[in-house]
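Trainee: I have a structure to read. Can you take me through its features, general idea before each case?

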Amino acid sequence: MIRKIIAAIFLLTIPFAAMAQMPENDIAITPYIPEGTLLPPDASSRLQNKMMQMVTQNHTGSISGDFILTANYAVIDKQITASVPAQYIIDVEFSFYVVALEERIIVKEFSQEVRGMGRTEQKAVINAINHLTSRSPQVRRQMTSAREKIVDYYAQRIPKLIAKAQSLSDRGEYEDALAVLTSIPECTDEYPMVAEKMTSFYVAMVDKYAVTALREARSKIAMRKYSEALDCLIAVDPMSTHFGESLTVVEEVKQTIDRHEEEKLRLKLAALEKQRKEEISDPGEHIRKNEKIVSRRETLRKEHTESADSWLSRLSR
């Protein structure tokens, strides 16, 4: 069930991903309704959509963050009209929590009171959810405050996070080290120091893979498997200290193959030529987009969500 919700969040947030990753808006908050919530299924889905609007319209919507926006509700007043058919009129308070997922700390809490009406209490709750605002001045202030508290949260923990990342890197666990550091938003004052560490760990990681790729490429060349050799060379990251060596090997391949073989390999050679000419203007963005780092951060986020799910479920009651 958790994975289905996460997948749904991913599909809903794709249009907003680029906006959420801009440096001035790089605080990421993921809406999440845990299993075990007391809301009826239809109401739960509607509330999920409302929270999605809250984070995306206030420039914090993403699935890449370590922070969850979750909610619960309490019926403050309930009336049943004497009309036929009878109508339920309820006043509901929705409490919203911004939670640091790994440490299970509430960094921000706010609420909205709304009224709903329907032929059943469930329909009245859904109608109340429809009246929740996502971009009002009040919500904008609360989400701005949440961003500020998240920045403070990271600022207090950056030394600890860097030490943790350094320990992982020392053990050769570069993906995990980078997953820790890429969670830190650029808007923190200490980010230049974080970026320097990220670059150091990233170069060590891609160098490790480059050595393997170059060894495999030379082996393929010896067997005259030039296409497979080029596949290995394409995998060498431009930030690797071995990138120049990989280009030298490409030139060796070009000198070795005949024109007929070169035509067959034209597309791969073109990809390598493009890679050679491509400048990395933003190393931090290049690092964050690396598929190994993206995959590792997603895995860790799922693990944190699953481990915190029962706690979030209690919070949402």
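Mentor: Start with contact: heavy atoms within 4.5 Å. Leaving aside neighbours within four places in sequence, A179 is in contact with I293, R296, R297 and L300. Note that this is a predicted model, where local features need pLDDT of at least 70, side-chain atom pairs count only at pLDDT 80 or more, and totals for chains, interfaces and linings use all residues. Residues are numbered from 1 along each chain as its sequence is written, and side-chain values use heavy atoms, with hydrogens and water left out.

Trainee: Where does A179 lie?

Mentor: Helices (H or I, at least four residues) and strands (E, at least two) are DSSP runs, numbered from the N terminus. A179 lies in helix α6, residues 174-181. The protein has 13 helices and four strands.

Trainee: Is A179 buried or exposed?

Mentor: Buried means under 20% relative accessible area, exposed over 50%, partly exposed in between (1.4 Å probe, protein chains only). A179 counts as buried because its relative accessibility is 2%.

Trainee: What share of the contacts in the protein joins residues 24 or more positions apart?

Mentor: Counting contacts with a separation of 6 or more, 70% are between residues 24 or more positions apart. As for burial, 47% of the 317 residues count as buried.

Trainee: Which loop holds N58?

Mentor: The one between α3 (41-57) and β2 (67-80). N58 counts as buried, because its relative accessibility is 2%. Beyond its neighbours within four places, N58 is in contact with Q53, S134, V139, R140, M143 and R147.

Trainee: Now a helix. Which residues of α8 are buried?

Mentor: General idea: an α-helix has 3.6 residues a turn, so residues three or four places apart point the same way. In α8 (residues 226-234), the buried residues are Y226, A229, L230, C232 and L233. They sit on the same side of α8, because they cover an arc of only 155 degrees around the axis. That arc is taken from the directions from the helix axis to the C-beta atoms.

Trainee: What covers the buried residues of α8?

Mentor: The cover includes α7 (191-222), α9 (243-256), α10 (259-264) and α11 (266-277).

Trainee: How do I read empty space?

Mentor: Rolling a probe the size of a water molecule over the atoms shows where empty space is left. On a 1 Å grid over the protein atoms alone, a cavity is a set of points where a 1.4 Å probe fits but cannot get out, and a pocket is an open set with protein on both sides within 12 Å along at least five of seven lines; lining residues have an atom within 4 Å of a point. Grid points are joined across faces, edges and corners, and a volume is the space filled by probe spheres set on the points.

Trainee: How many cavities of 30 Å³ or more does the search find?

Mentor: One. The largest cavity has a volume of about 60 Å³. Its lining is L247, V250, E251, K254, L269, L272, E273 and R276. Helices α9 and α11 are the elements that give two or more residues to this lining.

Trainee: And what is the volume of the second largest pocket?

Mentor: About 570 Å³. It is lined by 25 residues, with D237, P238, Q275, H286 and N290 nearest its centre. The largest share of that lining, six residues, comes from α7.
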